[in-house]
Amino acid sequence: MTHGKKTRVLVADDHTIVRQGLRAILESEPDIEVIGEAADGYEAVKKAAALSPDVVVMDVSMPRLNGLEATSRIVRESTKTQVVALTMHSSEEYVYSCLKAGAKGYLLKESASSDLVQAIRVVRAGGTYLHPSISVQVVSEYLKRPDPRTRGRATDGLTSREREVLQLISEGHTNREIATLLTRSIKTVEAHRTRIMEKLKIHNVAGLTRYAISRGITTTNEP
């Protein structure tokens with residue numbers, strides 16, 4: 001909280017009941033105000049740009065555009081907005097992915113409501129908050145990495161747009177559907193698909209889907 005002003009929060013999760021629960025928790029705090037909700041990564045990016053929240057509480061696994069890509073776009077476009085990632089995954093790979101995307105907080109969905117409130121206050125103040133089960137070693141290794149706000153392409157060689165197309169492919173969308181969602185031509189989508197397969201050396205949808213799930217790019221069965 002800065003100079004008595006409430007911390008303005010955007011809640012992003014693809015489950016309505018979860019968003020409603022998070023809103024109820026946060027609005028019970030005198031120094032926090034929920035200014036909007038988003039049901040997927042695209043909506044989160046758009047609303048973050050329009051509303052300029054202090055903090056975004058971001059579900060990592062969402063359809064169309066996942067929380068990692070949304071986080072990366074939000075922190076690139078606004079140095080004033082911080083992101084708290086919310087997930088059921090405690091593996092080091094997921095922690096690294098979220099921190100590399102630019103999140104300043106990492107919470108498991110099993111966390112107590114007080115942990116979420118604390119995380120929001122810590123990142124709002126410029127700090128980093130990780131769920132207590134995350135080891136000190138993870139933090140130490142992360143701090144040796146380059147600043148996520150200055151990173152270029154991902155280590156898999158895919159551009160942000162290619163990861164976006166990969167997620168939609170793995171979710172079962174056709175080239176025509178992807179073209180409509182991204183407002184691009186079918187030929188452009190086909191070109192992206194070809195480059196993705198060439199870069200990953202994976203030439204079938206099943207393989208791309210397995211890869212996307214293993215890298216946290218696509219939505220899993222996370223509740």
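User: What makes E4, helix H4 (residues 92–101) and E5 a right-handed β-α-β unit?

Analyst: A crossover is right-handed if, with the strands pointing away from the viewer, the path from the first strand over the helix to the second runs clockwise. E4, H4 and E5 make such a right-handed unit. Helices (H or I, at least four residues) and strands (E, at least two) are DSSP runs, numbered from the N terminus. The model is predicted: local features need pLDDT of at least 70, side-chain atom pairs count only at pLDDT 80 or more, and totals for chains, interfaces and linings use all residues. Residues are numbered from 1 along each chain as its sequence is written, and side-chain values use heavy atoms, with hydrogens and water left out.

User: How do you know that E4 and strand E5 (residues 105–108) pair?

Analyst: Pairing requires that DSSP finds at least two bridges between two strands. E4 and E5 have 4, in the parallel sense. Val-84 stands opposite Gly-105 in E5.

User: Why is strand E4 (residues 82–87) called largely enclosed?

Analyst: Buried means under 20% relative accessible area, exposed over 50%, partly exposed in between (1.4 Å probe, protein chains only). 6 of the 6 residues of E4 are buried, so the rest of the structure largely encloses the strand. Gln-82, Val-84 and Leu-86 point one way, Val-83, Ala-85 and Thr-87 the other.

User: How do you know that the buried residues of H8 line one face?

Analyst: In H8 (residues 175–182), the buried residues are Asn-175, Ile-178, Ala-179 and Leu-182. Seen down the axis, they fall within an arc of 100°, so they line one face. That arc is taken from the directions from the helix axis to the C-beta atoms. Arg-176 and Thr-180, both exposed, sit on the face turned away.
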